[in-house]
Amino acid sequence: MNSIPLMFSTVTGLVITAMGAALATSEIAGWGLFTVGLGILAVALVSRASAAPRPIKLYADTHGAAHLQQR
Amino acid sequence: MHFDVAPAFFLLGALAALVKADLKFPPALYQSLTLFLLVAIGLKGGVALAAHGSSEVIWEALAVVSLGIVLPLLAFPMLRKLGQLGKDDAASIAAHYGSVSVGTYAVAVAMLEAFNISYEAYFPLFVVLLEMPAIVVGLALARGAGKDSGYNYREVLHEIFCNQGIVLMSGALLIGYLAGPQADSVMPLFGGMFHGLLALFLLQLGVVAASRLAEIRLNAPFVTAFAVLMPLIGATLGGLLGDFIGFSVGGVILLAVLGGSASYIAVPAVMQTALPNANHSLSIAASLGVTFPFNVLVGIPLYIAIITYLKPVT
């Protein structure tokens, strides 16, 4: 996924989590907004992790080599 | 301990869908419950308008309509620049978030009544009025409003003014206004059974919302964040406007709820006709799969808490 939408969701998650924590600790509202913020952050971080480049695994094609040797 | 019955039924429906329980609603029942809610809300609003309406309502209505114009104008650049969505997709979603959700409004009214917070009972007039401007703004944002925009204006105008939400709510509002106290004869159905049928409606909507969540998988991070942030922005603007207009605490809360809600009945019908190339499942999944549950479970209690904190009920 493109980096700008991911950045937006990460920042939004952080801001909403902070707002939720501030409202809950000052006893104006419950912890609902805080939980939603954490949820958004989790979705963004999971997506970021799955979008990161993975190391390429190389496998020796031993079966193919053996096949060639038999010839 | 205060327990909200309506959101509990919504959660039950969502849970049933997530565990794949055998919970089947006949499609006709969902349709009937929607029709009931539209008529009940419109009728109650019309009766209240006949009893308490004055010329001031016209100015209040004009101010409320401005909210429906501003919200899609705010949402569109966010969707284009931060979400990197195409023009049609961004315009369609912006129209959804500028318009309103009757279901969310019904839940807010039920919660205000549970908390004994009074409100301007003619608010359904504003619900009807707020359905339309965002659609027009959304279509103009997508392709401009000139002759070469490519719209079939006849079809689009028909969808805007003749969709079931507008017809039933404005019709019931007019009937209630003309009937006044004589509408009492039908109130045992539309007033007395409102909360029970709302609970059934939310049970079904819980099932629908949970099944829609899968459709945002591709754009999940952005759509989830936008579908929570936009209601918070809309609710803030709605609350400030409500306070500026001089509504009661309940009225300010209701305008915040309307500003924070997103349409899933009227706007999708219009957008499917006007913008056939837009990704409609994305906009419905955002409004019904994320924003509606957010508002019902977290948003409305949050708006009530903040507004009553800032402006205590007297």
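Q: How many residue pairs are in polar contact between chain B and chain A, counting those with both residues at pLDDT 80 or more?
A: The count is zero. To be in it, a pair would need N or O atoms within 3.5 Å, one able to donate a hydrogen and the other to accept it, with residues adjacent in sequence counting only if both atoms are side-chain atoms.

Q: What kind of model is this, and how are its parts numbered?
A: This is a predicted model, in which local features need pLDDT of at least 70 and side-chain atom pairs count only at pLDDT 80 or more, while totals for chains, interfaces and linings use all residues. Residues are numbered from 1 along each chain as its sequence is written, chains are lettered from A and ligands numbered from 1 in the order in which they are written, and side-chain values use heavy atoms, with hydrogens and water left out.

Q: What is the count of salt bridges between chain B and chain A?
A: That count is zero as well. A salt bridge would need a side-chain nitrogen of Lys or Arg within 4 Å of a carboxyl oxygen of Asp or Glu.

Q: What makes up the side of chain B that touches chain A, by class?
A: There are 17 nonpolar, four polar and one charged residues. Here Ala, Val, Leu, Ile, Met, Phe, Trp, Tyr, Cys and Pro count as nonpolar, Asp, Glu, Lys and Arg as charged, and the others, Gly among them, as polar.

Q: How much area is buried between chain B and chain A?
A: About 1,600 Å², with carbon and sulfur atoms giving 87% of it. Buried area is the accessible area (1.4 Å probe) that two parts lose on being put together, summed over both. Leu82(B), Gln84(B) and Pro221(B) supply 29% of what chain B buries against chain A, more than any other three residues.

Q: Why is Gln84(B) called partly exposed?
A: Its relative accessible area is 37%. Buried means under 20%, exposed over 50%, and partly exposed in between (1.4 Å probe, protein chains only), so 37% falls in the middle class. Gln84(B) also has a positive phi of about 55° although it is not a glycine.

Q: Is Lys20(B) buried or exposed, and how do you know?
A: Lys20(B) is exposed, because its relative accessibility is 74%. Like any residue in that class, it passes the cut-off of over 50%. Lys20(B) has a positive phi of about 55° too, although it is not a glycine.

Q: How do you know whether Thr34(B) is buried or exposed?
A: Thr34(B) has 5% relative accessibility, again under 20%, so Thr34(B) is buried. The backbone oxygen of Tyr30(B) lies 2.8 Å from a polar atom of the Thr34(B) side chain.

Q: Which residues have the most contacts inside the largest nonpolar core?
A: They are Leu79(B), Leu198(B) and Phe226(B), in a core of 123 residues. A nonpolar core is a set of buried Ala, Val, Leu, Ile, Met, Phe, Trp, Tyr and Cys residues joined through side-chain atoms within 4.5 Å. Leaving aside neighbours within four places in sequence, Phe226(B) is in contact (heavy atoms within 4.5 Å) with residues including Phe8(A), Leu79(B) and Tyr97(B).
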